[in-house]
Amino acid sequence: ATLPSSPSIGDTIKFFDVASTFDSNTFTVARNGNLIQGDSSNLTVDSENAAFELVYSNSSFGWRIFSI
(Lines give C-alpha, C1' and ligand atoms only; values in the text may rest on other atoms or scores of the structure.)
Protein backbone atom coordinates (compact mmCIF):
# COMPACT_ATOMS: atom_id res chain seq x y z
CA ALA A 1 0.00 0.00 0.00
CA THR A 2 1.24 3.50 -0.75
CA LEU A 3 0.47 6.33 1.64
CA PRO A 4 -0.78 9.68 0.30
CA SER A 5 2.00 12.07 -0.77
CA SER A 6 0.30 15.18 0.66
CA PRO A 7 -1.50 14.13 3.85
CA SER A 8 -3.17 16.54 6.26
CA ILE A 9 -2.71 16.41 10.02
CA GLY A 10 -5.18 13.91 11.44
CA ASP A 11 -5.55 11.82 8.27
CA THR A 12 -6.10 8.20 9.29
CA ILE A 13 -5.59 4.90 7.47
CA LYS A 14 -6.36 1.45 8.88
CA PHE A 15 -4.93 -1.87 7.71
CA PHE A 16 -6.18 -5.38 8.54
CA ASP A 17 -4.76 -8.75 7.52
CA VAL A 18 -8.18 -10.20 6.72
CA ALA A 19 -6.66 -13.08 4.73
CA SER A 20 -4.20 -13.98 7.54
CA THR A 21 -1.26 -13.96 5.13
CA PHE A 22 1.09 -11.22 6.33
CA ASP A 23 3.33 -13.92 7.85
CA SER A 24 3.87 -15.56 4.45
CA ASN A 25 3.40 -12.43 2.28
CA THR A 26 5.06 -9.49 3.99
CA PHE A 27 2.90 -6.36 3.78
CA THR A 28 4.75 -3.16 2.89
CA VAL A 29 3.45 0.34 3.53
CA ALA A 30 5.31 2.70 1.19
CA ARG A 31 5.86 6.05 2.89
CA ASN A 32 5.61 8.05 -0.38
CA GLY A 33 8.02 10.77 0.75
CA ASN A 34 6.73 11.18 4.31
CA LEU A 35 8.18 9.72 7.48
CA ILE A 36 6.66 6.77 9.34
CA GLN A 37 7.28 6.93 13.10
CA GLY A 38 9.94 9.57 12.38
CA ASP A 39 11.86 7.12 10.17
CA SER A 40 12.62 7.43 6.47
CA SER A 41 12.04 3.73 5.75
CA ASN A 42 8.95 1.96 4.48
CA LEU A 43 6.99 -0.01 7.06
CA THR A 44 6.95 -3.80 6.68
CA VAL A 45 4.58 -6.07 8.56
CA ASP A 46 5.00 -9.84 8.74
CA SER A 47 2.67 -10.78 11.60
CA GLU A 48 -0.33 -12.90 10.73
CA ASN A 49 -3.67 -11.21 11.50
CA ALA A 50 -2.01 -7.84 12.10
CA ALA A 51 -4.30 -4.82 12.36
CA PHE A 52 -3.09 -1.26 12.86
CA GLU A 53 -3.97 2.36 12.26
CA LEU A 54 -1.69 5.13 11.02
CA VAL A 55 -2.43 8.78 11.76
CA TYR A 56 -0.54 11.64 10.12
CA SER A 57 0.87 13.90 12.83
CA ASN A 58 3.19 16.41 11.11
CA SER A 59 6.28 16.65 8.90
CA SER A 60 8.64 16.05 11.84
CA PHE A 61 7.26 12.61 12.76
CA GLY A 62 5.04 11.82 9.78
CA TRP A 63 2.69 8.88 10.08
CA ARG A 64 2.39 7.47 13.61
CA ILE A 65 1.13 4.05 14.62
CA PHE A 66 -1.93 4.99 16.65
CA SER A 67 -3.32 1.59 17.56
CA ILE A 68 -2.40 -2.04 17.15
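Modeller: Two strands pair if DSSP finds at least two bridges between them. Strands themselves are DSSP runs of E with at least two residues, helices are runs of H or I with at least four, and both are numbered from the N terminus. This is a predicted model, where local features need pLDDT of at least 70 and side-chain atom pairs count only at pLDDT 80 or more, while totals for chains, interfaces and linings use all residues. Residues are numbered from 1 along each chain as its sequence is written, and side-chain values use heavy atoms, with hydrogens and water left out.

Colleague: What makes strand 4 and strand 5 a pair?

Modeller: Strand 4 (residues 51–58) and strand 5 (residues 62–67) are joined by five bridges, and the definition asks for at least two, so they pair. They run antiparallel. One of the bridges links Asn58 to Gly62 of strand 5. A hairpin of three residues leads from strand 4 to strand 5.

Colleague: What is the secondary structure of the chain as a whole?

Modeller: The chain has zero helices and five strands. Along the sequence the pattern reads β-β-β-β-β.

Colleague: Why is the chain called as compact as a globular protein of its length?

Modeller: Its radius of gyration is 12 Å, close to the 11 Å that the globule rule gives for 68 residues, so the chain is as compact as a globular protein of that length. The radius is taken over C-alpha atoms, and the rule is 2.2 Å times the number of residues to the power 0.38. Along the principal axes, the C-alpha atoms fill a box of roughly 30 × 20 × 15 Å.

Colleague: How much of the chain is buried?

Modeller: Buried residues account for 28% of the 68 residues. The word means under 20% relative accessible area; exposed means over 50%, and partly exposed is in between (1.4 Å probe, protein chains only). The chain exposes about 4100 Å², of which carbon and sulfur atoms supply 47%. Such areas come from the Shrake-Rupley method with a 1.4 Å probe, and for residues only the protein chains shown count as cover.

Colleague: What makes a set of residues a nonpolar core?

Modeller: The members must be buried Ala, Val, Leu, Ile, Met, Phe, Trp, Tyr or Cys residues joined through side-chain atoms within 4.5 Å. The largest such core here has 13 residues, among which Val29, Phe52 and Leu54 touch the most other members. Strand 2 (27–29), strand 3 (43–45) and strand 4 each supply at least two residues of this core. Strand 4 gives the most, with three residues.

Colleague: Which residues is Val29 in contact with, leaving aside its neighbours within four places in sequence?

Modeller: Contact means heavy atoms within 4.5 Å. On that basis, and with those neighbours set aside, the partners of Val29 are Ala1, Leu3, Phe15, Ile36, Asn42, Leu43, Phe52 and Leu54.

Colleague: Why is Asn34 called buried?

Modeller: Asn34 has a relative accessible area of 13%, and the limit is under 20%, so the word applies. Asn34 is placed in the loop between strand 2 and strand 3. Not counting residues up to four places away in sequence, Asn34 touches Pro4, Ser5, Pro7, Tyr56 and Trp63.

Colleague: How do you know that the side chain of Asn34 makes a polar contact with Pro4?

Modeller: The side chain reaches the backbone oxygen of Pro4 at 3.4 Å. A polar contact is a pair of N or O atoms within 3.5 Å; within protein, one must be able to donate a hydrogen and the other to accept it, and residues adjacent in sequence count only if both atoms are side-chain atoms. The side chain of Thr12 likewise reaches the backbone oxygen of Gly10, at 3.1 Å.

Colleague: Is Thr12 buried, partly exposed or exposed?

Modeller: Thr12, in strand 1 (residues 12–16), has 39% relative accessibility and therefore counts as partly exposed. Beyond four places in sequence, Thr12 is in contact with Glu53, Leu54 and Val55.

Colleague: And what makes Arg64 partly exposed?

Modeller: Arg64 stands at 32% relative accessibility, so it counts as partly exposed. Arg64 lies in strand 5.

Colleague: What is there to say about phi of Gln37?

Modeller: Phi of Gln37 is near 55°, a positive value in a residue other than glycine. Gln37 lies in the loop between strand 2 and strand 3.
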